[in-house]
Amino acid sequence: MMDAKPTVLVAEKLGEAGLDLLKSFANVDCSYNLSPEELCTKISLCDALIVRSGTKVTREVFESSGGRLKVVGRAGVGIDNVDLSAATEHGCLVVNAPTANTIAAAEHGIALLTAMARNIAQADASVKAGKWQRNKYVGVSLVGKTLAVMGFGKVGSEVARRAKGLGMHVIAHDPYAVADRARAIGVDLVTFEEAISTADFISLHMPLTPATLKMFNDEAFSKMRKGVRVVNVARGGVIDEEALLRALNSGIVAQAALDVFTEEPPAKANSLVLHENVTVTPHLGASTTEAQEGVAIEIAEAVIGALKGELAATAVNAPMVPAEVLSELAPYVSLAEKLGRLAVQLIAGGSGVQSVKVTYASARGPDDLDTRLLRAMVTKGIIEPISSVFVNLVNADFIAKQRGLRITEERYVLDGSPENPLEFIQVQIANVESKFASAISDSGNITVEGKVKEGKPHLTRVGSFEVDVSLEGSLILCRQVDQPGMIGKVGTILGDENVNVNFMSVGRIAPRKQAVMTIGVDEEPSREALRKIGEIPAIEEFVFLKL
C-alpha cells in the first residue's frame, strides 16, 4: 500500500463506532443518496465503498473505478445489490457483515410472527381511531402450530430456536443445511413441497438469487394449506407480490407480515401494503441500536483488513475460509505466492505458461485441508510478474482461465501427526525452458518446493537440488562446482556492493560435484555485482529472482 491514506466512500448511513474505526485508518467520504451517475463519478477517487441495501453497485460502478476500487463492504448480510461477477472480474473484493445483525433479524421475524397472529397492528390502529372491536381482532395461538422456516442459515436457525420456545413445531427447508445441525435444535429438514404444504406459518430467510427469485408464486401458494400465514424478513424478490395478493384475496393466505419488498420503498398505492390482512414494516430487520453498531464495526474491520491486504473471513467472492483456518494458513499463503513468483521467473524468455501443477504434502485428510486459497495465491504469484494485470484472491481463477492457464492440484498424504496443515508445497511448470537449467527436475518441469519453518516461508528444493533459504528479500541462485571458498567469494562481491546477505544455503549432489548455492539478499545487487558473480570460474550458471 502507498504511504498516502486510502479513501473510503460511505454511501449509506453507518454507525458512529464504525465511522470512527474507518477514520483512524483512511480518509472517509460520507456521501448519502447518490444517484447512479454521481456514484460512478466519485468512485474513481475511492479505494473502498461501503453500502447497505439501498445502493446498487453495478458493473458500471466497477468500470468507472478504473481499477482503483479494491473492496466493497456490504453493511449487512445480503449482497444481491452488488454485481459479484463484475467485482470479481475487476479484482474487487466484496465483504459483508454476516453476524452482527443475526439476532436482530431473528427477533424481528418473531415479532412480526406474533404481531400478525394476534392482529396487533390492526387492533392498535383501530383503537387509535376511536374504535373498540374486540370480536373483529380475535387471533390464533402459536402453541402446537407448525412453522416452516425456509432457509436455515444464521437467521433462520435463530428464528427456529425462538419458535421452539413458543411451543411451535418447527420444520425447515434448505438444500444446503446440515441435517445434524438442524436435529440438534429439534428441527426436521424436509422438502420444499412438504414444508409449504404442511405449515400453518411460513417464515422466509433465504437469500435472493436467480434460483429463489419469485420462488413463492401462484404455483407455490396453490400447494399451501388454506389459511396459512406468511412472514418475510429476507428479501422482497423471493415473493411474487402479485401472486401473494391473489392468495390473500382468495383466502389461501390468511395473513402476511412483510418487512421487505421487491421495490423499496413500495409505491404509496401498493395494494399489498394497504391490504387489511397484511402487517408491514420498512425493512427494520437489522434496526436495533445494538445491531446497527455491531454491523458498523464488523464491516469497518473487514474493509480495513482488506485494504491492508489481510485475508477476509467474510469475503463473498473469494475462497471462503473460516477465520481460525485463515490464521493457521497465513504463512502457507505467503509461501504459495512466493513459490509461484520464483517458478515463473525461472522461465526462459518466449516460453508461455500453460500448465502448472501444485502438490501439497500433508498428514491431514482431504476434508481437513482446504487448498482453494493456496491455489489462488500460486496463481497470483505466477501471473503478476509476467503481466500488467492486478491479481488477487478474488479474480485469480478468472484471470487464469482467461489466459488459458491450467492449474492442477495433487495431494501427497504423509504418515504422522497432522499438527501442521502442510509439510511442503511444490510448484511445477510444464513444457517450458528455464533460464536456470538446474531448476528442471527429473520430471522435465521447472520445480520449486518450500515449507514453513518457525512461521516463515523457506525454499527447500530447486529442481533436483535440496536447499534451505528463507524467502525474504530476493534470491540469487548459482550452480557451481562444489569446492572450498565459493561462499566467501560470492559473499565478498556482495559485501563490496553493500548488499546484505540474510541467508545462504548450498545443496549438492555429492562432495566436489555440482551444487546449487541459494543466497537470500535484502537489496537488489547491481548489474556489475551480478556480472562479477557470473565470472567466478566455478560458477556454471546463476539467476537473480525478485520476491
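**Exercise 1.** Is the crossing of α17 and α18 left-handed or right-handed?

*Solution.* This is a predicted model, in which local features need pLDDT of at least 70, side-chain atom pairs count only at pLDDT 80 or more, and totals for chains, interfaces and linings use all residues. Residues are numbered from 1 along each chain as its sequence is written, and side-chain values use heavy atoms, without hydrogens and water.

Step 1. Locate the helices: α17 spans residues 486–496 and α18 residues 527–534. Helices (H or I, at least four residues) and strands (E, at least two) are DSSP runs, numbered from the N terminus.

Step 2. The axes, lines fitted to C-alpha atoms over the stretch in contact, lie 10 Å apart at an angle of about 165°. Angles run from 0 to 180 degrees between N-to-C directions. The two helices are therefore roughly antiparallel (over 145 degrees).

Step 3. The crossing is right-handed, meaning that the near helix is turned clockwise from the far one by less than a right angle.

**Exercise 2.** Which strands pair with β9?

*Solution.* Step 1. Strands pair if DSSP finds at least two bridges between them. Strand β9 (residues 201–204) has four bridges to β10 (residues 228–232), in the parallel sense.

Step 1. Four bridges also join β9 to β6 (residues 146–150), again parallel.

Terms used
Angles under 35 degrees count as roughly parallel, over 145 as roughly antiparallel, 65 to 115 as roughly perpendicular and the rest as oblique.
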